[in-house]
Amino acid sequence: MIIGSHVSLSSPDYFLGSVKEALSYNANALMIYTGAPQNTFRKSTSDFKISEAKMLLSEAEIPAQHIIVHAPYIINLANTLKPETFDLAVDFLKKEIDRTRQIGAKIIVLHPGSHVNAGEDIGLNRIVEGLNLALADNDDIEIALETMAGKGSELGYRFEHLAYIKEAVDKPHLIKVCMDTCHMSDAGYDVFRFNDLLDEFDKIIGLQHLRVIHLNDSKNEPGAKKDRHANLGYGQLGFDFLHMVASHPRLASIPKILETPYVDDLPPYGVEIEMLRSGVFTDWISQ
Ligand code: FE
Ligand code: FE
Ligand code: ZN
């Protein structure tokens, strides 16, 4: 089982600290934001302790494909109303591609963007335009577009949106996908018929383009379009479903990343990873 979580990247050890945090959860995959997820301020990677982190990763036999970078969620490539928002997103993504290469990772998860009421087709075409600019000088780092909940004017809540973007860009071979279990349920997909869902994904996008799974329970009922993650077994999806996804034979080579909420200011990932590996749920959060 390839399983990990979102881990922090902060002073003083930065990326080395991220790897240590992942190992403390008995993870063999990890996801980082290269700075705060809600802003675009970034420290120089010269502070990241990259070579020490790489040594630790190779000792732990964690390959590059299991190290995921998540772009900050405020960048919006779909914005047609404010040119500066779009330009910032393109510029940030170019720099994020460089940072990703420097830390030795290969995949950036990206929220496709929100059309802010300009209309879905206009938003999707703007994303294509933005990706073409951001990927112009890149031929190795992949962008995994995330399946979204459909909150507000968010695009990417249908597999067809992601397929459209992939087919329309100049470099389709660099466009991959990240499935988020909470978001797919929120978007209205019947995730409990999971094999059918994988078949549909395969038909529309191609299962070979799936790179990451965000494994989250959901606080809300299917179709709610709210995007509120719950701890494993404490939401509408349930532990048995999430364990089934984590151990699914068709997804064996795909890293599963937890983005579940902290409990009493502490990360839940050590416990949740242990439950997924053992297949046994323990009611560990006092309600
Ligand atoms: Fe995300
Ligand atoms: Fe996610
Ligand atoms: Zn989410």
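Donors are taken here as N, O and S atoms within 2.8 Å of the metal, and since water is not among the atoms, sites may look incomplete. In this predicted model, the iron ion (ligand 2) is coordinated by Glu146 through OE, Asp180 through OD, His214 through ND1 and Glu259 through OE, at 2.1 to 2.2 Å. Along the chain, these donors follow the spacing E-x33-D-x33-H-x44-E. The angles subtended by the four donor atoms run from 81 to 168°, which makes the arrangement around the iron ion (ligand 2) irregular. A tetrahedral assignment would require all angles to lie between 85 and 135 degrees.

Distant parts of the chain are linked here, with Glu146 in strand β5 (residues 142-146) and His214 in strand β7, 68 residues apart. Glu146 is buried, with a relative accessible area of 0%. His214 is likewise buried, and its relative accessible area is 0%.

Helix α7 spans residues 194-204, and within this helix Phe194, Leu197, Leu198 and Phe201 are buried. Viewed down the axis of α7, the buried residues fall within an arc of 100°, so they line one face of the helix. An α-helix has 3.6 residues a turn, so residues three or four places apart point the same way. The cover over the buried residues of α7 includes α5 (159-168), β6 (175-180), α6 (181-186), β7 (210-215) and α8 (239-246). Just after α7, Gly206 adopts a positive phi of about 105°.

Aromatic contacts were examined next. A pair of aromatic rings is described by the distance of the centres and the angle of the planes. With centres required to lie within 6.5 Å, the count comes to 10 aromatic pairs. In one of these, the rings of Tyr14 and Phe48 have centres 5.8 Å apart and planes at 10°, so the pair is stacked. Tyr14 belongs to helix α1 (residues 14-24), whereas Phe48 sits in the loop between β2 (29-32) and α2 (50-59), so the pair ties together parts that are 34 residues apart in sequence. Tyr14 and Phe48 are both buried.

Phe194 and Phe241 form an edge-to-face pair, 5.9 Å centre to centre with 80° between the planes. Phe194 lies in helix α7 and Phe241 in helix α8, so this pair joins parts that are 47 residues apart in sequence. Phe194 counts as buried at 3% relative accessibility, and Phe241 is buried with a relative accessible area of 7%. Elsewhere, ring pairs link Tyr25, Tyr262 and Tyr269 into a cluster.

Charged side chains also lie over aromatic rings. Arg99 lies over the face of Phe92, at 5.0 Å from the ring centre. Arg126 is placed over the face of Phe86, at 3.6 Å from the ring centre.

The loop between β2 and α2 also contains Lys49, which counts as partly exposed at 32% relative accessibility. Lys49 and Phe15 are 34 residues apart in sequence, and the distance between them in space is 6.1 Å, C-alpha to C-alpha. Leaving aside neighbours within four places in sequence, Lys49 is in contact with Pro12, Asp13 and Leu16.

Methods
Residues are numbered from 1 along each chain as its sequence is written. Chains are lettered from A and ligands numbered from 1 in the order in which they are written. This is a predicted model: local features need pLDDT of at least 70, side-chain atom pairs count only at pLDDT 80 or more; totals for chains, interfaces and linings use all residues. Side-chain values use heavy atoms; hydrogens and water are left out. Buried means under 20% relative accessible area, exposed over 50%, partly exposed in between (1.4 Å probe, protein chains only). Helices (H or I, at least four residues) and strands (E, at least two) are DSSP runs, numbered from the N terminus. The arc is that of the directions from the helix axis to the C-beta atoms. Contact means heavy atoms within 4.5 Å. Donors are N, O and S atoms within 2.8 Å of the metal (3.2 Å for Na, K and Ca); water is not among the atoms, so sites may look incomplete. Four donors count as tetrahedral if all angles lie between 85 and 135 degrees; four count as square planar and six as octahedral if opposite donors are over 155 degrees apart and all others between 65 and 115; anything else is irregular. Rings of Phe, Tyr and Trp (its six-membered ring) pair if their centres lie within 6.5 Å; planes under 30 degrees apart count as stacked, over 60 as edge-to-face and the rest as tilted. A charge sits over a ring if NZ of Lys or CZ of Arg is within 6 Å of the ring centre and within 35 degrees of the ring normal.
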